[in-house]
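Subject: Structure for you to look at

Hello,

Here is the structure I promised. Please open it first, then read my notes beside it.

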Amino acid sequence: MRPDVDQFFELSSDLLCVVGDDGCFKMLNPAWERTLGYRPDEMLQLPVLSFFHPDDVESGRRAARAIQQGLPFPQLVNRVRHRDGSYRWLSWNARFTGSHFYASARNASERMALEEALAERDREMRAFYDLDHVQMGIVEFVGGEGRYVSCNQAAAVSLRETTESIKGKTLSDLGMRVDFRDMIHARLDEARVAGKPVQFEHLLPRSRGRWLQTTFCYVGQSKPGCDRIAYLSLDVTELKQKEEKVREQQLRILAASRTSALGEMAAGIAHEINNPLTIIQGRAQAIARLVERGMAEPQALLEAVRDINATVMRVSKIMESMRGLVREGRQDAFREEGVKDIVQGTLAVCAERLKNRRVTLRVAEVPDTLRIECRPVQISQALLNLITNAYAAVEAVAERWIEVGVEEREDEVVIAVIDSGAGLSPSLRERIFEPFFTTKEPGHGTGLGLSLSRSMIEGHGGTLILDDSAAATRFVITLPKVQK
Ligand SMILES: Nc1ncnc2c1ncn2[C@@H]1O[C@H](COP(=O)(O)OP(=O)(O)O)[C@@H](O)[C@H]1O
Ligand SMILES: [Mg+2]
């Protein structure tokens, strides 16, 4: 018995049909109803073309004519109406026997949706790729050498190539210097090994000082041993120039603030030196009196002269510390310095002022052996700023003391300045480190003390904070003992 091949007609998920030479459906398999929602009797005897999207009727007619003339069936993918009025994409195949068309159609909606999504993504990617201020491309990294696979117009232009001519070229083909090549190859390797984006800034050779910020991103292997890395470069030359300007401005502010710190100090200097001068004057007058009265015992004279000498020494120590503090310390080299010397040098220029205002100064015992690698002038300036602030804070209260604490940790040194002032409200705490923030009268504060101190300390890899947990006002400098 011959097997019943009609079973396939029923089973097929492809849409199978027989169409008469009048162009109307004569026979339809169940897949039609499943795909387009029409019952067979709603389609039979109706022209096939009447179900096509209006824009697809002409291509359908051409395809039918072609096979009627014995030509091969052309590729035909078109939109056919569903019962609900929407359209399905069908991909057709057909033959003509002289009296009938035998056609099969496959639902291509999913494929078309996918292709549409791909095309959409391609358009999106194109939009990026066509940006003329972003250079991007793909490099193949084989045996330690990078080779262009493709790049966008912006990248090609910056390398004086075209998107075609650059394909397959290495950095040496492009005439890049050895040191540049080595640097790029090292970064490519880094991106390959790290498997995550690697970003860096570099000068583009032969570009008259253009700076690029480049990101390398590992994509995968195109074949074993052949790594692909996507790159993206932004021209950051203007950004860099702006940064440079900001830096210059900061330098100017720094200079201005040093001048104003000098002003503050000039006020203090009188106090620091008046007292010793008074002592010297007193001893000198005593000597004069003794001589006038003919009572100049050598022992008494010697004592007075020794006092004078010691006081002169003190003044010169104050002057020396002051000279150091006024200096610009930003360019200084890091060097090892005793913490005790820094603290005492700083106190030398302000201790007298504190004593005059009856501010008790308590200073921690600092071991001679405690040393840190730093720019001593900057640490001293920061410490003096904190003490000057504390001094201003305690002036307003009856109980006046300032404490300077030093604590050694494993690889850090903590210097704290604590005062008996009224402290800071939470809203003030948030703002005091902002440059130019001050609560002081014009002429009394620049609002730069804390922000500059913080930036100097951070330049040492340290921190300067206001300790929220302390009962009294407590500013804390933490510094690494050794610079990394
Ligand atoms: N020890 C302190 N006690 C209370 N307030 C302080 C203290 N230190 C700083 N401040 C507050 O922080 C502000 C900013 O300090 P600073 O940056 O040194 O600038 P300036 O001292 O010129 O005002 C001060 O105006 C003051 O309001
Ligand atoms: Mg200040």
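Which residue stands opposite Leu232 in β10? Met136 does.

Some ground rules come next. This is a predicted model, in which local features need pLDDT of at least 70, side-chain atom pairs count only at pLDDT 80 or more, and totals for chains, interfaces and linings use all residues. Residues are numbered from 1 along each chain as its sequence is written, while chains are lettered from A and ligands numbered from 1 in the order in which they are written.

**The strands around β10**

Helices (H or I, at least four residues) and strands (E, at least two) are DSSP runs, numbered from the N terminus. Two strands pair if DSSP finds at least two bridges between them. Strand β10 covers residues 226-235 and runs antiparallel to β6, residues 134-142. Eight bridges join the two. Strand β9 (residues 211-223) also pairs with β10, again antiparallel, over ten bridges. Here Gln221 stands opposite Asp227. β9 and β10 form a hairpin, with two residues between them. Gly225 sits in that turn and has a positive phi of about 80°.

**The whole chain**

The protein chain has 13 helices and 17 strands. It is divided into domain 1 (6-113), domain 2 (130-235) and domain 3 (243-480); such bounds come from an automatic or database domain assignment. The centres of domain 2 and domain 3, taken over C-alpha atoms, are 53 Å apart.

Now compare the chain with a globule. Its radius of gyration is 43 Å, whereas a compact globule of 484 residues would have one near 23 Å. The radius is taken over C-alpha atoms, and the globule rule is 2.2 Å times the number of residues to the power 0.38. Along the principal axes, the C-alpha atoms fill a box of roughly 155 × 55 × 45 Å.

Buried residues make up 23% of the 484. A residue is buried if 20 or more other C-beta atoms lie within 10 Å of its own, exposed if 12 or fewer, and partly exposed in between; the C-beta atoms are placed from the backbone.

**Around ligand 1**

How many residues surround ligand 1? There are 20, and the closest are Asn389, Thr438, Gly445, Gly449 and Leu450. A residue counts as near if its C-beta atom, placed from the backbone, lies within 6 Å. α11 gives the most, with four.

Most residues other than glycine have a negative phi. Gln45 has a positive phi of about 75°, although it is not a glycine. Gln45 lies in the loop between α2 (30-36) and α3 (57-68). It counts as exposed because it has 10 C-beta neighbours inside 10 Å.

Arg206 also has a positive phi, near 55°. Its place is the loop between β8 (198-203) and β9. With 13 C-beta neighbours inside 10 Å, Arg206 counts as partly exposed.

Lys169 is in the loop between α5 (153-158) and α6 (178-194). Why does Lys169 count as partly exposed? Because it has 14 C-beta neighbours inside 10 Å. Leaving out residues up to four places away in sequence, Lys169 touches Arg147, Tyr148 and Leu174. Contact here requires C-beta atoms, placed from the backbone, to lie within 7 Å. Lys169 and Tyr148 are 21 residues apart along the chain, yet their C-alpha atoms are separated by 5.5 Å.

Best wishes

Notes:
Contact = placed C-beta atoms within 7 Å.
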